[in-house]
Amino acid sequence: MVQLNNGITLFLSLLVEAMPFLLLGVIFSSVLLLFVDERKLLGMLPRNVVLASLAGSMIGFMFPVCECGNVPVARRLLMKGAPTAVAMGYLLAAPTVNPIVFWATWMAFRDQPEIVFLRVGFTMIIATIISLIFSRQRDMRPFLQDNLTKLMGEPVDSPAQGGNGLKRRLGATCPAPASSAVPTSPLLQSGTFLMQAPGQVLQLDAPPAQVMDQLVPSLPPLKDRLRMMGDNMVLELRELGSVLIIGSAIAAFVQVAVPREIILSLGQGPITSILAMMTLAWVVSICSTVDSFFALSFASVFTSGSLLAFLVFGPMVDLKNISLLLTVFKGRTIVYLSVLVAQLTFLLTLAMNLYGG
Amino acid sequence: MTSPSLPRRRRRLPKTQRLPWQAIVDSLVMLLWGLMFARFTVTGHLYLLLHPDFMWLAHLAMVILLILGIGRLNQVWQIIRQKQRQEAIRSQEHFALLPRRFSSGLLLTVALFGMVYTPRPFTSETAFQRGITDVLGQTRSRPERFVLSGSPEDRSIVDWIRTLNVYPEPDAYAGQGVNVSGFVTHMPGWPSNMFMITRFVLTCCAADAYPVGLPVELPEGTPRPEPDTWLEVEGSMQTDTLDDTRQLVIGSATLTEIPQPRNPFEY
């Protein structure tokens, strides 16, 4: 009974602590998706591969989304002709290298600032290395899902022109009815668009406005934009909130139900602790905006390196993410990606456990 | 994936009289979550869950959630009034791990649960399970500096522990006056005239609460208080050997039973 009460108190405490950050993340991603134009952003990116990967991993500062929101954006970047290095860098780093996540991590680990900075540092290192590796591949198409390569593959006019981008996409994604219906009912178009572009929050959420945004350069009226924002927030909140609930429940359960000796013996070994936390990160799939609070509940018994492994690995690859990544990459690519990320995370955090603080 | 959805969409559109259930559920979820935060704030249970530094965040979340919920409800009202469904509300298809109904159900359940459940502070059993220490371990928070309040009698349990961490020689504190409050934990293997006066320390939220405590030696003839009783302990420091280590122990203790404080944690 005592255990149950403790578990519930832990569970509620995690929720109450994480919910504000989740809300802030959702608000930011909704606002910025509506106000930042990634096409303009692409024009400003450097040509050099290393710089491009670095830049890609920094774009997270413009779109502060957690790993649930970054796949659609990365997909959009690829479709709009972003270099592989940029898209990969963004995909891997954005969930961690962004202001909201940084702040949340700071709040949770303000007594151990090294965790906060190393989290960002390790993420940038891993994201850059992996985007460099993938940049060696000149033609990314074999790695990507067929429906995405079709969109990219057509002879491209200027990728900077949104109107063309839209037609290409609509033409390729909506077979018979919708492609011919471009000038007619925008509602129908948007409906199809929704189903085909999984995860594209803005477009999914407010399709009429999105179509307008693509066809007409000006933004929809403020009232509509605010409504779209509200809708998007509710949508993301519902989704991420339920994942947060499950994650918190698991964390609370592990804390009260698993005997302390087992956790301690796992958590104090420099290698076992990292492996355990990486597995946990993969399974729990908790959103990067709030995962630092989750990790915090293990802070007293697990090595710092393993906490970092959790914080670095989880946002890049996890169980939930796979379904999202599958909308961009083929299965094989995801395996490469996961193995690379896992190895690099392991090496870096092991180095920290053995040689660091 | 695309084509089957189109006809369905067409068929469903004319049914304008249907209630926008999803929007109603959404607004309920937001409102209930906001109310749950409000309840914890009003009852003071927020102190059991969070470090006071973060309370403003919880309050902010409460306001945002309530605004979102009311906004959504307003939308529902408009839809019902206009007898016409807005695309924006129903077009919430999204590639998600969890089905939408499941997500909504889960959020709703937890919010309802939070409305009725009363969180309870951690007890001595938890303290024992988490391992009470008078030494803050390697992974504990180690403040670079902290300022001690003037006299030893003003130190709280965690102040004592931090002082001991800086200068661990127990003899240095012998004879100093102590006045601390906390709850009683019986440690296995200790003699019957000893118990641990304990507090949980928070850095962020209840998830990282860890217990700290000081051993108390009861004067002759005083019965050992029940575990989890909240006490104010007055006495003076002495050194004693417990669990094969020489430690600081509160001696010649006077115990006063106190009600459980509104905020049971120390920071």
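Predicted model: local features only at pLDDT ≥ 70, side-chain atom pairs only at ≥ 80, totals over all residues.
User: How many aromatic pairs does the structure hold, and why is the pair of Trp103(A) and Trp56(B) called tilted?

Analyst: Over all chains there are eleven aromatic pairs. For Trp103(A) and Trp56(B), the ring centres lie 6.1 Å apart and the planes stand at 35 degrees. A pair requires centres within 6.5 Å, and stacked requires planes under 30 degrees apart while edge-to-face requires over 60; the pair is therefore tilted.

User: How do you know that this pair joins two chains?

Analyst: Trp103(A) belongs to helix H6 (residues 99-108) of chain A, whereas Trp56(B) belongs to helix H4 (residues 55-82) of chain B, so the contact joins two chains.

User: What makes Trp103(A) and Trp56(B) partly exposed?

Analyst: The relative accessibility of Trp103(A) is 27%, and Trp56(B) has a relative accessible area of 43%. Buried means under 20% and exposed means over 50%, so Trp103(A) counts as partly exposed, and Trp56(B) is likewise partly exposed.

User: Why is the pair of Phe113(B) and Tyr117(B) called stacked?

Analyst: The planes of Phe113(B) and Tyr117(B) are at 15 degrees, with ring centres 5.2 Å apart. Stacked applies to planes under 30 degrees apart, so this pair is stacked.

User: Are Phe113(B) and Tyr117(B) buried or partly exposed, and why?

Analyst: Tyr117(B) has a relative accessible area of 10%, and the limit for buried is under 20%; Tyr117(B) is therefore buried. Phe113(B), at 30%, is partly exposed.

User: What makes Arg155(B) a charge over the face of Trp160(B)?

Analyst: Arg155(B) lies at 4.6 Å from the ring centre of Trp160(B). The distance limit is within 6 Å, together with a position within 35 degrees of the ring normal, and Arg155(B) is placed over the face of the ring.

User: How do you know that the span of helix H14 of chain A is close to the expected one?

Analyst: Helix H14 (residues 222-257) of chain A has 36 residues and reaches 50 Å from its first C-alpha to its last, against 52 Å expected at 1.5 Å a residue. H14(A) is also mostly covered, with 26 of its 36 residues buried.

Terms used:
Residues numbered from 1 in each chain as written. Chains lettered and ligands numbered in written order. Heavy atoms only, no water. Phe/Tyr/Trp six-rings, centres within 6.5 Å; stacked < 30°, edge-to-face > 60°. Helix = DSSP H or I, 4+ residues; strand = E, 2+ residues; numbered from the N terminus. Buried < 20%, exposed > 50% of the residue type's maximum accessible area, 1.4 Å probe, protein only. Expected span 1.5 Å × (residues − 1).
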